[in-house]
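Here are some notes to read beside the sequence and the structure. Please keep both in view while going through the points.

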Amino acid sequence: TAVLVLNGPNLGRLGRRQPEIYGHTTHDELAAACVRWGAELGLAVEVRQTNHEGELLDWLNAAADDAVPVVLNAAAWTHYSLALYDACAQLEAPLVEVHISEPKQRPETFRHTSYVEPHAATTISGQGVDGYRQALEFIAASLAH
Ligand code: DQA
């Protein structure tokens, strides 16, 4: 089964971006790990990252058309994008929300709201990049039922 892992703004600098919060794994390393974890679970994983909200919306609309399961770290858009809320609402295959940090425990109160969460089958936060592995496991398990 094909699964999309979609990462939003500023996650392309993973490994160099505030490593005390987001760790030292680069986006390329994360992408390779997701492909490997997916293969172990029988999933064909494709990982994409964008700093352009419309591009993410296009990917989510295509995922809705094709009923593709999605692992989504929408980064800062999570906290304020109504277009993202509407795009997630259209998904019928499992949607798993991932955050590397634990936004609800962070001091900026704007991080305490998620426009993805209402549409997600589950949210995995604060697990570092292992959260993506857990998200893929969740999708593999939900597809097995
Ligand atoms: C993040 C948390 C968001 O609050 C933040 O804007 C990000 C990354 C995370 O993975 O922990 O860019 O989604």
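1. Which residues does Thr 78 touch, not counting residues up to four places away in sequence? Thr 78 touches Ser 114, Tyr 115 and Val 116. The model is a predicted one, and the contacts in these notes should be read with that in mind.

2. Thr 78 sits in the loop between β3 and α4. Is Thr 78 buried or exposed? A residue is buried if 20 or more other C-beta atoms lie within 10 Å of its own. Thr 78 has 24 such atoms within 10 Å, so Thr 78 is buried. Along the chain, Thr 78 and Arg 111 are 33 residues apart, and their C-alpha atoms are separated by 8.2 Å.

3. Thr 78 and Arg 111 are both among the residues that surround the ligand.

4. Turn next to the record. UniProt, in an unreviewed entry, places the feature "active site" at Tyr 22 and His 99. These two span 78 residues in sequence, yet no two of their C-alpha atoms are more than 9.5 Å apart, so they gather at one spot.

5. The two positions can be described one at a time. Tyr 22 lies in helix α1 (residues 19–22). With 19 C-beta neighbours inside 10 Å, Tyr 22 counts as partly exposed. Leaving aside neighbours within four places in sequence, Tyr 22 is in contact with Leu 14, Arg 17, Ile 100 and Ser 101.

6. His 99 belongs to strand β4. His 99 has 23 other C-beta atoms within 10 Å and is therefore buried. Apart from neighbours within four places in sequence, His 99 is in contact with Asn 73 and Ser 125.

7. Under "binding site", also in an unreviewed entry, UniProt lists Asn 73, His 79, Asp 86, Ile 100, Ser 101 and Arg 111. Why do these positions not all gather at one spot? They span 39 residues in sequence, and the farthest two C-alpha atoms are 24.1 Å apart, so they do not all come together in one place.

8. Two of the listed positions show different surroundings. Asp 86 is in helix α4 (residues 82–89), and with 13 other C-beta atoms within 10 Å, Asp 86 is partly exposed. Ile 100 is in the loop between β4 (95–99) and β5 (122–125), and with 24 other C-beta atoms within 10 Å, Ile 100 is buried. Not counting residues up to four places away in sequence, Ile 100 touches Tyr 22, Gly 23, Gly 128, Val 129 and Gly 131. Tyr 22 is one of the two positions that UniProt gives as "active site".

9. The last topic is the nonpolar core. The largest nonpolar core has 36 residues, and Val 5, Val 71, Tyr 132 and Leu 136 touch the most other members. Which elements each supply at least two residues of this core? They are β1 (2–7), α2 (27–40), β2 (44–49), α3 (53–66), β3 (70–73), α4, β4 and α5 (130–144).

10. Not counting residues up to four places away in sequence, Val 5 touches Cys 34, Val 45, Val 47, Val 71 and Tyr 132.

Conventions: Residues numbered from 1 in each chain as written. Predicted model: local features only at pLDDT ≥ 70, side-chain atom pairs only at ≥ 80, totals over all residues. Near = placed C-beta within 6 Å. UniProt positions renumbered as here; feature names shortened; annotations may be inferred. Helix = DSSP H or I, 4+ residues; strand = E, 2+ residues; numbered from the N terminus. Buried ≥ 20, exposed ≤ 12 C-beta atoms within 10 Å, placed from the backbone. Contact = placed C-beta atoms within 7 Å. Core = buried A, V, L, I, M, F, W, Y, C linked by C-beta atoms within 7 Å.
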